[in-house]
Amino acid sequence: MSMNSIREVNFDGLVGLTHNYSGLAHGNVASMSHGGLVSNPKEGALQGLAKMKSLMDAGYAQGVLPPQQRPDLGALRALGFSGSNSEILAQAAKQAPQLLRAVCSASSMWTANAGTITPSVDAPDGRVHFTPANLQSSFHRYLEPKTTGRVLQAIFRDEQRFAHHPVLPATPAFSDEGAANHTRLCGEYGEPGVHLFVYGRQAFGDERSSEREPKRYPARQTLEASQAVARQHGLSEAQTVFAQQHPEAIDAGVFHNDVIAVGNGPVLLYHEMAFLDEERTLNELRAKMSTPLIPVRVPVEAVSMEDAVASYLFNSQLLSNPDGTMTLVVPSECQEREAVWNTIQNFILAGNNPIGEVIVKDVKQSMRNGGGPACLRLRVVLSEAERAALTGRVLLNDALYSDLTAWVNRHYRDRLTSEDLADPQLATEVLTALDELTQLLQVGPVYPFQLG
């Protein structure tokens, strides 16, 4: 296997047709503060596609993952609502509007939470390994894993090259939020890597461990979940580092580690408050990595926790270039905070590290719900043969971009309020659009309505 043929593919989630601002995510400051605003699903989907297209044009490998079926009427039926689809929606809107908002969430657009991936170069059986995240910490996201698993299995179908593992038990002890709390550090993508798993709490810890947990907002990832995923993928102790996220960061609104740190290749760009034991985390990474770690530490004096959370500086994409440099893809909110923009220009870009370019992207529809550029993508390191083995039409090119843009313009609304979620016509529009999308992407039946 040629090392040069191994590339990272960013699979971005398409923003769903029911994208709305319901403020569902406790601990996600942006989501909570924008609850009740009128959303624009069409603009959101087109913003996401524009980001994908610009990165594809710049030479980066880009894939697409479809949104989920929403509203999830099956969930409402399981919770005791009955009758026709329109009757169920009307009952839910009247009796439990918060449940209706939850089953309409378009949160699957943030595919960094879709699952955890181990590339074949790190796995003992030489296959790419996938574990969908159970997302049990919030009801609206707990609804996602079954469809996520079907989508991943539909695309990564070749059993000789891809291995799919069951979702961890959906209990607080094994709370798993996927790749948003996982970073692979390495030299070249084709070289063996070290997997940094970041957790917020220990389910089976002692009293001392509970004292080091956040007090204001819940810690979503457990150590036990991270360890279980590592075991599923066959990762050894020499290949893994488990680090606790700083509880004060979680209480400041850093609900996932990818809101406070981003890694790529040998570079770890992180905020001073990212890890509870920063020194131990860095030392263990240095000891286990075959390539020297390049830490880029942003001190709190340069970027406050408030600015870090508001700008999503660390929820940026860090991408490798053929010349050995890296490009940082940041949300436009980073330009709106003087301290953040100064840090990017005068510290990160000017520092002794491979990051040599910054690209600014407008993903405001996603940002208002608490998801930046890094939330929107699931990173999958694939060889040329593995890319060729993918099922469906999911690797972005000009023709697929054109088809997806036309599909969005045909089917998406440009205005959506919480009241609109009870509209039975919206549910019909979604099914029509998703049925067409699975044909466009050639992934086969993956949605509940297609499977009967």
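A: In this predicted model, strand β6 (residues 182-185) is joined to β7 by four bridges, and the two strands run antiparallel. Within that pairing, Leu185 stands opposite Val194 of β7. β7 also pairs with strand β8 (residues 240-244), here in the parallel sense and over five bridges, and in this pairing Tyr199 stands opposite Gln244 of β8.

Strand β7 (residues 194-199) is largely enclosed by the rest of the structure, because six of its six residues are buried. In a regular strand, side chains alternate between the two faces of the sheet. In β7, Val194, Leu196 and Val198 point one way, while His195, Phe197 and Tyr199 point the other way, and all of them are buried.

If rings are taken to pair when their centres lie within 6.5 Å, the count comes to nine aromatic pairs. Phe11 and Phe156 are both buried. Phe156 also forms an edge-to-face pair with Phe162, at 5.3 Å centre to centre and with 80° between the planes. Phe156 counts as buried because its relative accessible area is 1%, and Phe162 likewise because its value is 2%, where the cut-off for buried is under 20%. Together with Phe130, the residues Phe11, Phe156 and Phe162 form one aromatic cluster.

A ring also takes part in another kind of arrangement: the charged end of Lys53 sits over the ring of Tyr401, 5.4 Å from the ring centre.

Pro169 lies in the loop between β5 and β6, and with a relative accessible area of 47% it is partly exposed. Leaving aside residues up to four places away in sequence, Pro169 touches Asn134 and Phe174. Pro169 and Ala133 are 36 residues apart in sequence, and their C-alpha atoms are 9.9 Å apart in space.

Technical notes:
Residues are numbered from 1 along each chain as its sequence is written. This is a predicted model: local features need pLDDT of at least 70, side-chain atom pairs count only at pLDDT 80 or more; totals for chains, interfaces and linings use all residues. Side-chain values use heavy atoms; hydrogens and water are left out. Rings of Phe, Tyr and Trp (its six-membered ring) pair if their centres lie within 6.5 Å; planes under 30 degrees apart count as stacked, over 60 as edge-to-face and the rest as tilted. Buried means under 20% relative accessible area, exposed over 50%, partly exposed in between (1.4 Å probe, protein chains only). A charge sits over a ring if NZ of Lys or CZ of Arg is within 6 Å of the ring centre and within 35 degrees of the ring normal. Two strands pair if DSSP finds at least two bridges between them. Contact means heavy atoms within 4.5 Å.
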